[in-house]
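Take a look at the structure below. This report then covers a helix pair, some loop residues and a pocket.

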Amino acid sequence: MSIQRLENLSDKTSVEKEVAILKQLLEEVTQQIAGNETMDLIRRLSEQSLKQDYQALEATIHSISNEQMVVIARYFSILPLLINIAEDVDLSYAVNYQKNQDEDYQGKLSLIMDEVVKEADAKHLLEKMTVVPVLTAHPTQVQRRTMLGLTRSIHQLLRKHRDLKEGLLDEKKWRRDLRRQIQLIMSSDMIREKKLKVKNEITNVTEYYNQSLIAAITDLTLTYKRLASERGLDLETPHPINMGMWIGGDRDGNPYVTAETLRLSAVTQSDVILSYYIQMVEGLYDELSISTSLSQATPEVEALAEKSTNSSEFREKEPYRRALDYIKMRLQATKDYLVLDQENPLRYQKAQDFKADLKAIETSLETHQGQGLIEGPFEALLMAVDIFGFYLASIDLRQDSSVHEACVAELLREAQIEAHYSQLDEKEKCRVLLHQLMEEPRTLSSVPSQKSELLQKELAIFQMARDLKDKIGEEVIKQHIISHSESVSDLLELAVLLKEVGLVNQEKARVQIVPLFETIEDLTSASAIIAGYLELPVVDSWLNHNHRYQEIMLGYSDSNKDGGYLASGWTLYKAQRQLTAIGDEHDVRITFFHGRGGTVGRGGGPSYDAITSQPFGSIKDRIRLTEQGEVIGNKYGNKDAAYYNLEMLVSATLNRMVMRMISDEADIVEYRAIMDEIVADSYATYRDLVFHNPHFYDYFFTASPIKEVSSLNIGSRPAARKTITEISGLRAIPWVFSWSQNRVMLPGWYGVGSSFKAFIDKEEGNLAMLQKMYQEWPFFRSLLSNVDMVLSKSNMNIAFRYAELCEDEETRSVFNLILDEWQLTKELILAIEGHDDLLFDNPYLKASLDYRLPYFNVLNYIQIELINRLRSGELSPKQENLIHITINGIATGLRNSG
């Protein structure tokens, strides 16, 4: 069969039936809560939207009172959520069905394994290859944890309905249970009244490990190892998936991240994984009831059993149970130490000591014909120890380069080494910093002086990182990322600060220094910076200690806001090629950390296509990428979805490592030259609108709900680094989020149409060339497919109504520029693809949008009405919460909005 996206193999009939049931129950609950009149209004709004009678729709909405809006806005916000749940259940069902039937689908691991084993170094490649999804502190997940819990309950009920054969389910009871959950959703606060704290973000995201990630990652790793073994490759300790974490360590622009939040993040993660181990050991205790009357145990297991305090006479002949009881005691002692800071001599010093005890049991079972007992939970536990250790996920530290510079300048000034460090040129800065790193044994902070609050806070975080590494293990913190890396001195400044707490010396760096290149200008300068950095002898020593790996983070969000979609995508592509080549020259394995968001405007889009369209050779054996906001819930909300999405990441990475997509190098050279030309035009068009049009600033802040988005309690960090009243200072998340809300989706396509038209008009045959590029070049195909998807979710009729929020004509006229570009972009995208309609290659998404758009389109019109009322004083500050509900509903309907 042809290999399709798994989503396209879904049972649309089942989804439609389940959505109909959910909608009916929602209507029943709403009618009970609000009465017949309000329910009649809701039905009228739905009918008007389905008929696309928007004039009548607006008139109806205008007549609705603020009090009625409370229920109506909730109804139309909850309905897209219920549709999402039905689709997620369907995907989970499809995952299981395809796996059980051994059918092919895009991203299936066994398919790419068949290609990998053809490589000469296949075993080494499979053992070294690692994908690291990093859960980040950029929450566009506007739903409360309570709502996420109710969502899970409905998901489980729908799964139960599908899993049980017809006739084995009490239909009436099932409907009552489902109705009760929907009534709870309608009766619970949908969004937070208080802003999240960092500790809430830590707790919320670690819950996904208990819910899905530990089981999915362990299962996938076991499958990975088994598939390799079936092909004659016995892998030792493969790590196809490791997890990363930003929450608690990412302090860039977030004043609430401190040494304490870093400690809390690490301790919470240790608590989660140790609790899992204890639970698994308890399960094995119940299971391994082997009696010495029937089967013996090795002396090693007997020795473990003797150390158990379980003196029950019923356990005298059950050494495995007593050994597991002792292991559980040691795990609890380890948990007391790592989580509660209570020293206990029974504790394990490191995770491998715990594994050694488990291996003793494994050896004993193998020796005494108990091999079959090792499979299942025991095998999963052993694998989990290798994957997660006692730390669960590595925590990244991140800070802006300007903060590092300020701290180093203060240290140098107070130590009377350099009074005006920040005024030095780049060469002098590097000279001063290298002297401190290579020739000065003392720490700068040891000089007695009154330190600024900023310096104290930074040094405390670095000291906490050192303490956590010493206590939990090296893996708990491995990288420190530098935002706005613009020079070699930016990297060396961080090294000096790490030296203050003993994390860096002349021979080694216990924390890798990772530059983040974000803007178009920074990405263009990245090669020169990295070349200069790698030439330093002290850096060479650090690289030797780190097996010659150097990570570089690439920023998608800011580069897009800075230069538009095409310029961002192409500059990132070129930067990877150039940086990989520089690494090769210095015998350094450059690995990339992709700072992708949920939306196309922030580097989002289908992960499989995104990875397989990277430059060939840019993925050596490691790749990291951010997962954030509502994307975390969508991808990892249940074990089946988590397994499938992680499998796709691993398969795509292996695919890109071994499969060369274009065989003729002359073609790719020509394609790159064409892209340079097109992107230059696109960049100019985008910059002309966003940064040079005198009315654009007022248009954006008036014709989008940016102010309301910025006041929404969706995360612990501020919406802007400085102030929300300037484009450059605004964070990429609220920037993209707002364009999603008003349905323009501008960051995902603006500048594309004009640049393509300029190229096509230049010479006959250029359209055919673009069509050839689309068919043959995965990078270009992925680029255009993402634009196609974004255009399908945009709605210029709704966008026009937002534009009418602008009171003066000149400001409002910006919309005309946007509309012209949108129409041109759609026309040329379809011409290049050779399609008549958007989403031709993605029928699943097309069908999904067809039955969900009419409902959350209503929310846009409600939001516009509410913004009008707020600005005219007809909505009280307390009722502003209604706008937040519509923001939540629209984000839910779009699914990848931040």
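Helices H33 and H36 run roughly parallel to each other, because their axes cross at roughly 5° and angles under 35 degrees count as roughly parallel. This is a predicted model. H33 spans residues 796-803, and H36 spans residues 843-871. Their axes come within 10 Å. Two packed helices are described by the angle between their axes and the distance between the axes.

Which residues in H33 meet H36? They are Ile-798, Arg-801 and Tyr-802. On the H36 side, the partners are Asn-857, Asn-860, Tyr-861, Gln-863, Ile-864 and Ile-867. By class, the residues of this contact divide into 5 nonpolar, 3 polar and 1 charged.

**Residues in loops**

Asp-341 is in the loop between H12 and H13. H12 covers 319-340. Glu-375 belongs to the loop between H13 (351-367) and H14 (377-388). Gln-416 lies in the loop between H15 (401-414) and H16 (426-438).

Are these residues buried or exposed? Asp-341 is exposed, Glu-375 is exposed, and Gln-416 counts as exposed too. The reason is the cut-off: a residue is exposed when its relative accessible area is over 50%. The table gives the values.

| Residue | Loop between | Relative accessible area |
|---|---|---|
| Asp-341 | H12 and H13 | 55% |
| Glu-375 | H13 and H14 | 56% |
| Gln-416 | H15 and H16 | 74% |

Asp-341 has a positive phi of about 65°, although it is not a glycine. Gln-416 is not a glycine either, and its phi is positive at about 60°.

Glu-375 has a distance to report. How far apart are Glu-375 and Leu-411 in space? From C-alpha to C-alpha, they are 57 Å apart. In sequence, 36 residues separate Glu-375 and Leu-411.

**The largest pocket**

The last topic is open space. The largest pocket holds about 1,500 Å³. It is lined by 50 residues. Which of them are the closest to its centre? They are Asn-242, Tyr-391, Glu-475, Lys-478 and Arg-622. How does the lining divide by class? There are 19 nonpolar, 16 polar and 15 charged residues in the lining of the largest pocket.

Definitions and conventions:
Residues numbered from 1 in each chain as written. Predicted model: local features only at pLDDT ≥ 70, side-chain atom pairs only at ≥ 80, totals over all residues. Heavy atoms only, no water. Axes fitted to C-alpha atoms, helices over the stretch in contact; angles between N-to-C directions. Helix = DSSP H or I, 4+ residues; strand = E, 2+ residues; numbered from the N terminus. Parallel < 35°, antiparallel > 145°, perpendicular 65-115°, else oblique. Contact = heavy atoms within 4.5 Å. Nonpolar A, V, L, I, M, F, W, Y, C, P; charged D, E, K, R; others polar. Buried < 20%, exposed > 50% of the residue type's maximum accessible area, 1.4 Å probe, protein only. 1 Å grid on protein atoms, 1.4 Å probe; cavity = no way out; pocket = protein on both sides within 12 Å on 5 of 7 lines; lining within 4 Å. Points joined across faces, edges and corners; volume = space filled by probe spheres on them.
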